[in-house]
Amino acid sequence: MKKKIERVAVLGSGVMGSKIAAHFANAGIPSFLLDIVPKELNQEEKQKGLSLSSPEVRNRLAKEGLEEAKKAKPAAFYHTELSDLITIGNFEDNIEWLKQSDWIIEVVVERLDIKRQVFKIVDQVRNKETIVTSNTSGIPISSIAEGLSDDFQKYFCGTHFFNPPRYMKLLEIIPTSKTLPEVTEFLSSFCERRLGKGIVYCKDTPNFIANRIGVFSMLYAVKSMLEDGFTIEEVDLLSGPVTGKPKSAVFRTADLVGIDTLAYVANNLYDAVPFDEMREVFRLPDFIKEMIKNKWLGDKTRQGFYKTTKLPDGQKEILTLDYNTMQYRPSQRPKFPSVDLNKSTEDIKQRIKALAFTNDRAGKFIWKNLSSILLYSANRVPEITEDIVNIDNAMKWGFNWELGPFETWDAIGLEPSLRRMKEDGHPVPELVENLLSSGHNSFYTALNGRKFFFDWNTCKPKAEQSKPGIILLPSLKDQNKEIKKNSGASLIDLGDGVACLEFHSKMNTIGEDILQMIQSSLTEVAKNFQGLVIGNQAQNFSVGANLMLILMQAQDENWDELDLAVRLFQKITMGIKYSERPVVVAPYSMTFGGGCEISLSALKIHSAAELYMGLVELGVGLIPAGGGTKEMLLRNISHIPLDSSADLFPFVKRAFETIGMAKVSTSAKDAKNLGYLREGDNYSISQDYLIADAKKEVLAISEAGYEKPAPLKKIPVLGEPALANLKIGIHLMKEAGYISEYDAHIGGKLANVLCGGKLSSKSFVSEQYLLDLEREAFLSLLGERKTQERIKYMLEKGKPLRN
């Protein structure tokens, strides 16, 4: 299907509508954001003397929706300046704008009669072959389109975005029997590449896939809690990260989305699935009905299952609802021996298996809930989808589970788990019977780097569809494309003369093993490849240096070893910068400290759009010493010619503020504004394509005729006059109470590096000169008691100490 999406229309400017428009803006796609015309003036409009015919009044709802999106937390926009791509209007005055739209998305209230009313107008106005979709989360898609024109129905389907659209990867696409296959194929390709979505195809069944199984899992946990006498905190502990679920678990998630919203979905499901074997799970317990009656709806009413209050001393206290008394009490930290024993197991598959087969109170709860979710998911095939991969992906992308239900079943072992399920009196789902009778004992298998899943229709393993442009590093390693490795990193052949250096230490922290592999990889690439990508596919690119090892060395006063380690890191970043072959770094998500410094040293960065990059060393009482301070100075002054008489101080000050305030970007767009990314650096909205896109950058640079750059030997620094000015600013911030005395001390060390040390006036220095200043400042701070206290506090508490 040859079609372009150059402008969209979003009908409905509520929480979802405005944020969907915001995400289109993130992708550089303009949109119309329309809503109904208000029927009466508000107080502010009356005071201004406006009337119902005033454009400001008629567009009020769309304007309010856009303003809410601009203020949303987490941020809906990569940067608020992108909101200029959204044009607000209303359904009456601006309905003809639909003729200019390539895709019309309905996001109005969840009522079938209102949706039909809106689509009747859309059908009359839209151009033929314009794609139209509904973002409903539960109303049958086919019923919405009933009675509309044939052309409308051919180009109509459901597109269920998850909230918040910028961050939630899942997009459920729900075609009707009349939707053209090429329409869903086009939407899938477009939304994956341009919007960064993970596509799941759903049948037109109640609440589709993710909400059907996700809400079941939440309400079954509530059911188990009531039956077995668990507290809300205990359920959230056992339904959170320890079992591969998000930190918000069950009840914190309910507070976030709204308990009334959860109830709406549950009631809708109860009415819509009369033949569901677990239908009664969707019947809300009395205490939740009472909460809704009391308007205890979660975060939106500031109390739900949890409630935050202030103590007399100003400290916050989290209270938890006691569902027996319907009173709030101080939250308690649950303790389960089996959880304490297994929570440090990094492999989620091993951890879930161990916990599920533990026979203590926690293990019994986990088994009861896990087995029910697995059985329920298996019984939904082929009702909601014929593809188990759709179910697994829906739960990973829509509910942030680490493993989907069928991946989890493989992890705990099909045969031992079925044996126990039978002992518990559960019938075996047809899907599982088919799998066993065909001679298989797992839902997934791997062969020669390809992943296969058990197919419902053929009762045979079926290869997962590979997508051009997506490179999976684990698959390449399975195909023996790994050139060399150590405990911290691997060098992998991406093909076409490009290699990839992949970190795989814990949280991708940078230690000696990674530095040695970078050094070795640069040598290997210089001999046998056209260029190098530094990237990986873990949860985060790198959280920085291994602070625990640094602290231990400092406490043991191994200063010679620390000096050598910093020198090695500096040598590595300079090696990346002046490599014999082009190096492109592909950072994403958390890219802190040393991870940021490695990125800054490369010829080019091709990042993910979701990039949280920052030189955060000041938070632990240090300054960046792997070349990060030097590189931020260079990024801020590089546009000024050496012979220019321009005042460099504002640019030096900007570098100082970015490092000194440990600023972290909220996106790749924001990283450009902060100076971490240069104007020529690019980003991919879909992280799935990141490695492949970075590879293309390497090849483009190589084919254009890469020449190894020469080290910089004439970097302008301003010396003591600028240093004095920065110190005045530091002093004023300290006096105003914004920073502590020790913060001011660290700031002085940073300022000294950025100004070139104790030079009497503007001078020119080399990169090595600045690296030496970085290293000296870093080691001197590391030797101080307060810095060591800060590092220890960060390791223990996960947040900075202001001492």
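Predicted model: local features only at pLDDT ≥ 70, side-chain atom pairs only at ≥ 80, totals over all residues.
Q: What share of the residues is buried?
A: Burial is read from relative accessible area, and buried means under 20%. Of the 803 residues in the protein chain, 54% are buried. The chain exposes about 35,600 Å². Carbon and sulfur atoms supply 51% of that area.

Q: What share of the contacts joins residues 24 or more positions apart?
A: Look at sequence separation. Among contacts with a separation of 6 or more, 69% are between residues 24 or more positions apart.

Q: Where is serine 31, and is it buried or exposed?
A: Take the element, then the accessible area, then the partners. Serine 31 belongs to strand β2, residues 31–35. Its relative accessible area is 0%, so serine 31 is buried. Beyond the neighbours within four places in sequence, serine 31 contacts Arg7, Val8, Ala21, Leu85, Ile86 and Thr87.

Q: How many cavities of 30 Å³ or more does a search of the whole structure find?
A: A cavity is a space where the probe fits but cannot get out. The search finds five of 30 Å³ or more.

Q: Which residues line the largest cavity?
A: The lining includes Thr243, Gly244 and Lys245. It also includes Ile352, Leu370, Ile373 and Leu374. Two or more residues come from each of α16 (361–379) and α18 (405–412). α16 gives the most, with three residues. By type, the lining has seven nonpolar, three polar and two charged residues.

Q: What volume has the second largest pocket, and which residues lie nearest its centre?
A: A pocket is an open set of points, unlike a cavity. The second largest pocket has a volume of about 970 Å³. Its lining comprises 27 residues; Glu233, Asp236, Tyr306, Ile318 and Ser331 lie nearest the centre. At least two lining residues come from each of α10 (232–238), α11 (251–257), β9 (306–310) and α14 (337–342). The lining divides into 12 charged, eight nonpolar and seven polar residues.

Q: Which residues does a cis peptide bond join?
A: Check omega. Lysine 73 and proline 74 are joined by a cis peptide bond, with omega about 0 degrees. Proline 74 sits in the loop between α4 (60–71) and β3 (86–90). A cis bond also joins asparagine 163 and proline 164, again with omega about 0 degrees. Proline 164 sits in the loop between β6 (156–161) and β7 (170–175).

Q: What is phi of asparagine 207 and of asparagine 448?
A: Look for a positive phi in a residue other than glycine. Phi is near 60 degrees at asparagine 207, and near 55 degrees at asparagine 448.

Q: Where do asparagine 207 and asparagine 448 lie, and is each buried or exposed?
A: Asparagine 207 lies in the loop between β8 (198–201) and α9 (210–228). With a relative accessible area of 1%, asparagine 207 is buried. Asparagine 448 lies in the loop between β12 (444–447) and β13 (450–455). With a relative accessible area of 63%, asparagine 448 is exposed.

Technical notes: Residues numbered from 1 in each chain as written. Heavy atoms only, no water. 1 Å grid on protein atoms, 1.4 Å probe; cavity = no way out; pocket = protein on both sides within 12 Å on 5 of 7 lines; lining within 4 Å. Points joined across faces, edges and corners; volume = space filled by probe spheres on them. Helix = DSSP H or I, 4+ residues; strand = E, 2+ residues; numbered from the N terminus. Nonpolar A, V, L, I, M, F, W, Y, C, P; charged D, E, K, R; others polar. Buried < 20%, exposed > 50% of the residue type's maximum accessible area, 1.4 Å probe, protein only. Contact = heavy atoms within 4.5 Å. Areas by Shrake-Rupley, 256 points an atom, 1.4 Å probe, with all protein chains shown as cover.
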